[in-house]
Each structure stands twice: as C-alpha cells, then as structure tokens.
Amino acid sequence: MSSIESVLQENRIFNPSPEFVAQANVSGMDAYKALCAEAEADYEGYWGRLARENIVWKQPFTTVLDESKAPFYQWFPDGKLNISWNCLDKNVEAGLGDKTAIIFEADKGEVTKVTYRELLSRVAKFANALKGLGVKKGDRVIIYLPMSIEGVVAMQACARIGAIHSVVFGGFSAAALRDRIEDAGAVLIITADEQCRGGKNIPLKPAVDEALTLGGCGSVRNVVVYQRSGGPANMVAGRDLWWHDLVAGQSETCEPEWVDAEHPLFLLYTSGSTGKPKGVQHSTGGYLLLAILTMKWTFDIKPTDVFWCTADIGWVTGHTYGTYGPLACGGTEIVFEGVPTYPDAGRFWKMIQTHKASVFYTAPTAIRALIKLGEGHPEHHPEKYDLSSLRLLGTVGEPINPEAWMWYHEKVGGGRCPIVDTWWQTETGAHMITPLPGATPTVPGSCTLPFPGIMAAIVDETGHELEWGKGGFLVIKRPWPSMIRTIWGDPERYRKNYYPEELGGKLYLAGDGSVRDPKTGYFTIMGRIDDVLNVSGHRLGTMEIESALVSNPLVAEAAVVGKPHDIKGEAIVAYVVLKRARPVGEEAKQLANDLRNHVAHEIGPIAKPDEIRFGDNLPKTRSGKIMRRLLRTLARGEEITSDVSTLENPAILDQLKEVVK
C-alpha cells in the first residue's frame, strides 16, 4: 500500500455545529465558496476591497498589486499607514480604551492586565525613548526578551517609529544572536537581565554581552535592558541603559511614522539549508491585512473573546497572533511566560479556567506532551478543569497526528469546539491552508482547504499540477499580500529558494510535500520535502508513519527519519516516547516488534520501521520544536558536531543512540 492511499483513509468527519455556523464570521460553505469565487473572478479587486475595509490608511492606495519586478511583488505600494496606530490608537479612538488588551501571566502565576489606553501610553513612551537614542525609520532593532508585556511594547514601539524589528528567541545562544545582529546590521538591542522559565531564572543579558564580543556587531550603539527579575547585569557605561530609566519622564503621546505599505515591518530569521540563517523580510500593509483577516475568519474572533496563542514572540506565530493580529482586531489576548508543565502539567488548563479563554491556539508538540503527562498525572488531566469557556481550538507549527487531534477535540474541547489545523510558514506571514470553523467540515490530520484568495496546488518536479490523490510539492500559484518580500540582503537566495527555475520561476515553493483527497480536495501535509522518504519506490511521509505509531495506545510521541539503505534506497528509523517508562532489554525488543507490526497494520508492510529507538523524550528546542536534523545524524551513526545549546534536553541524544533491532 502506498503512503498516499493510507493518508486518505481517514474517514472521520466533523461538521460545524448549527450553533457555531449561525454566529460565525464566515457562515457555511456557501459563504466560503463565494469568497473564493470573488478572488478567482477579480484577484486584485478582492484583495483591494478587503484592504480598504479592514485597514485604516493615512494615504489610500491606488495600486493593489505591482508584479513588474516579479517575484519581488509589491502590494498596495502607494498607500501609507502605521501598524501600531491600527493596533492601538484606532481602538482607543473607537471607545475601547478601557478594554483589557493583554492579560499577562508570569512564570510563577502573577497576573498583570493592561488596557488599550495603558498599552498605547507604554508604547508611546518607549517609542519616544528609542527616538531619543537616535533610532529612526529603517533602522534595525534586535529584540531578545522573555515573553512579557514589554516584548509586545518593544515590537509595537519599533513599528510606531518605522524601525524594523528582528525578534530573536530567548533560547538562542550568543553565537546565534551574533549572527542575526551582524546580518541585520542592528543599531540597538533590547533585552532583559533574565528570563523566568519553569521556576528558574535564566540569564539573557550575559548572552548579549558575549555576542557583542564575538565580532561583527560594530553597528550596535546601545543595549536597553528590561529589569525582569533583578538578577545581576553587567551594565557597560555609555552603551547599556535600563528600560525604566529610559522611559521615565517620556511623553505619553508619540506621533506615528506613516510608512509606505511596502516598508519592512520586521525581519525574522529561520534556519537555512546552508546553515546561514535567512532573514525573512515582511512588509507592513500586506502583512497586517492577513493578520486581521485570519483572526476574523480562521479564529472567528469576536469582541467578547479572550484569545490565547501560546507561541513565543521569537517565532512568527507570536508575531501574527500575539503582537499584531489580536490587537488590530481590538481583542483581549493572553500572554504567558514559562512552560506548559510548570508548576505542573495542568498549567494550560488552569489558565484557560482562570482567564476564561475562549480561543486557544497551541502546537501539536505541546498537545502530545500533555497527553503523556495527563496519563501519568490524572489530577492534571484537562477533564479535571472547567474548560467550558472554550469555543474554538487551533493547532500550529507542524501537522497534527489524527489521534492527538481526537484527544484535543474530546478531552480539551469537550467534543463541541471546532479545531482549526492551520498550515502556514514564517515566509507566508499568516494562514494559507486552514478550516474556517463556521464553514469547513474537519478531518483529523488534514488542514483541509486554502484560505479564501490563496491559490494553493500540488505539482510534480517540473511544476506541472498533479491530479488529486497524487502526492507532490505544495506550491502557491499567485502572490498574496502577507508573503515574504525577500531575504534580507540576499535577493538571489530568495529567488532561488522560493521561486526556483525548475518549477518555472513563477510558483512559490513551500518546501512541503502534500496530497489532496480525490473526493474533497482536502490537503494533507506529508512533511518537509526532505522528510518524504523513498522506500523501494514508494513515497512515504514521515508524518504519516509518526501518526501510525502515535495511534498505538502505548505511544505518546514519535519522530521518524530516513537513513541510506543499499537495497531500499532509504530505511525508516523511528524514535518513540512511551506513556510509561522507557523499556530495556527483551521488553524493548518485544515492544519494538509489536510497534513495527502495528505500523504495518496501519499503513502496510512497506512502512515498517527498520529500527526503533526508545527515549524518555525527543530532542527539542526550548520552543518545543523537534530537532529532526539531529535525529537524522544519529540514525546514520554519525557523531553530532553541530551546536546543541538551543536544545531543552541535550542529554537525551545519548539515550537515542541505542538501537532496538
């Protein structure tokens, strides 16, 4: 049996409830199809209408899309706006000044709330402070902060004065930070003395100090330090300044810098195949449009909602659905510091109960970890908490296994909450393929259909579109407003990576393999192109084998990679975390054999792992991302020579070297 056939065997379908449909912002499939038809009939007219209706422009645009320098597309190029004004001033002027904008829960549970008026004041004061340091429109500012209200303030303040922010996740090393400072040519770094995570204080300022001694950071003039914990911080005279000293006495008003729609809003660095991080550059106007539309249509956001996206601001999800989207829609959002397992595995569920969260957006990695912890600690199982405030659930970051989807649906959503399984990327800026909760029947493990106006397709190696049911490369056929504009300082790399000549130079290559259901046209993501294995001529998605393993009641989490095989081309190596203690000896052999047979039963004999390795966990970054690159190195029996300092649990690598034949 081929992988494609088994991907499409999922036959559980969940229709939106009549009650949800009745109140939805996009109500019913006819409404979804009407939006798609409008985009098909008049692509520029469709996006132009939405941009006029959803954004307040200082200077209205007359051109919607400029394709004259393709693939360097421009959207609404002669329009002027300010994204901070659209997130803050607009809402205060509309009478929402006293509405709670952010509910912040710190690592140890302390709660701080700020209204829109208070948030605007804090942003204006910090923006004035930045201007006082000589930061101006177009300057790049590195933000290396913990999850905090200050993180949102720093981003909004940069946007307010036209500075280009580049947030670096607080788990990155000094060397990784230096690479980003150097590539961006940053003039300022905003950091904190420490971050608080899992009950521990983790230094941040020393990493900045070290980065600045590594060379290549001569553009940096100042370092602004937020005093998070009162921990030690070596303040360099003439360079380093305390946040609280800077904002003292600053005016609470700051006229925004009105910028062109194409003005760069931020750079966000992603890992590249060459090892050098890529500075993904996003615009202001087009990015804001999709941030707003996806909040309204994917998350069905309402004025009464309490929206919680668990992502760190160091990732694009924390940008679009933590700093810009919810605030641009006048919403109330939760920002949390820490990890989902501290002080115990009930942290997420207790926060939903306490703050009455109604829309909850998290990663499959977190869901799978909490499934395992819930098994071992029934007192922290979601069913022990009052989650009745929830009305919508979402997942982000990677495909979700069908069995994890079902657990999320039943145990967290109580069987009543639609789940939006969203496919998108740092480069896309916002959701590209996702259910609309009041319209789309959902299927566990499928991100379903393109967002209205997104022209997604699956093609072969030459760029020719494939019939539904055949797996291939996921592409987007037309430019869209929130797309990456270029790779900072490397336009040729942008062209080569995302618009390769092999596909004709006009299709955006997502880098993911996908297949569409022959009947419904629903998309299922099969993993990264290099995560689609070729085993004896059969294309097997690693995600699919992982889903088969996780469907076994003993398995909490699994990761699958390929390694070279003389006869089959590639052999399948599976790393498995159980819901109980890691087996050893004969027990491990028996269980490995049982799991191989289970995969054979779920997919077919061709998909049976050649090797299974058991671990107490998988190697993950501090943001929860599984480091599959390291797993591939282990599978090949090679020594790991790359930096593993960003791992939450580097010791796990030794455990995963052990092969169960």
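Which helices do the buried residues of α6 pack against? Let's start there. One caution before that: this is a predicted model.

Helix α6 covers residues 89-96, and its buried residues are D89, K90, N91 and V92. They pack against α4 (43-54), α5 (83-87), α7 (116-132), α8 (149-161) and α13 (316-328). That answers the opening question.

Strands of a sheet pair through backbone hydrogen bonds, either parallel or antiparallel. Now look at one pairing in this sheet. Strand β18 (residues 359-362) and strand β19 (residues 392-395) run parallel, joined by four bridges. T362 stands opposite T395 in β19.

What lies across this sheet?

Now the aromatics. How many aromatic pairs does a search of the whole structure find? The search finds 38. Take W308 and F348. Their ring centres are 5.1 Å apart and their planes stand at 75 degrees, so the pair is edge-to-face. The cut-off for that label is over 60 degrees. This pair links distant parts of the chain. W308 is in strand β16 (residues 306-309), F348 is in helix α14 (residues 347-355), and the two are 40 residues apart. Buried or exposed, W308 and F348? Both are buried.

A second pair is W480 and Y508. The ring centres are 5.1 Å apart with planes at 85 degrees, so this pair is edge-to-face. W480 lies in the loop between β22 (472-476) and β23 (486-487), while Y508 is in strand β24 (residues 508-516), so the pair ties together parts that are 28 residues apart in sequence. W480 has 0% relative accessibility, so it counts as buried. Y508 has 0% relative accessibility, so it counts as buried.

Y43, Y46, W47, W57, F61, W75 and F76 form one aromatic cluster. Elsewhere, the charged end of R180 sits over the ring of F172, 4.5 Å from the ring centre.

Back to helices. How do two packed helices get described? By the angle between their axes and the distance between the axes. Which residues make the contact? From α15 come I367, R368, L370 and I371. From α16 come A404, W407 and Y408.

Another sheet now. This open sheet has four strands, in the order β21-β22-β24-β25, and the pairing is antiparallel. Its edge strands are β21 (456-459) and β25 (523-528), and each pairs on one side only. The twist averages 45 degrees from one strand to the next. β21 and β22 are joined by four bridges, in the antiparallel sense. A456 stands opposite I476 in β22.

Last stop: strand β29 and its surroundings. β29 covers residues 569-578, and eight of its 10 residues are buried. Which way do its partners run? Strand β28 (residues 555-565) pairs with β29 in the antiparallel sense, over 10 bridges. K563 has its bridge partner in β29, at A571. Strand β30 (residues 611-614) runs parallel to β29, with four bridges between them. Y575 has its bridge partner in β30, at R613.

Helix α20 (residues 628-635) belongs in this part of the talk too. It is mostly covered, with six of its eight residues buried. Those are R628, L630, L631, T633, L634 and A635. What covers them? The cover includes α18 (542-550), β28, β29, β30 and α21 (652-655). Just after α20, G637 takes a positive phi of about 75 degrees.

That's my tour. Questions, please.

Methods:
Residues numbered from 1 in each chain as written. Predicted model: local features only at pLDDT ≥ 70, side-chain atom pairs only at ≥ 80, totals over all residues. Heavy atoms only, no water. Phe/Tyr/Trp six-rings, centres within 6.5 Å; stacked < 30°, edge-to-face > 60°. Buried < 20%, exposed > 50% of the residue type's maximum accessible area, 1.4 Å probe, protein only. Lys NZ or Arg CZ within 6 Å of the ring centre and 35° of its normal. Pairing = 2+ DSSP bridges. Contact = heavy atoms within 4.5 Å. Axes fitted to C-alpha atoms, helices over the stretch in contact; angles between N-to-C directions.
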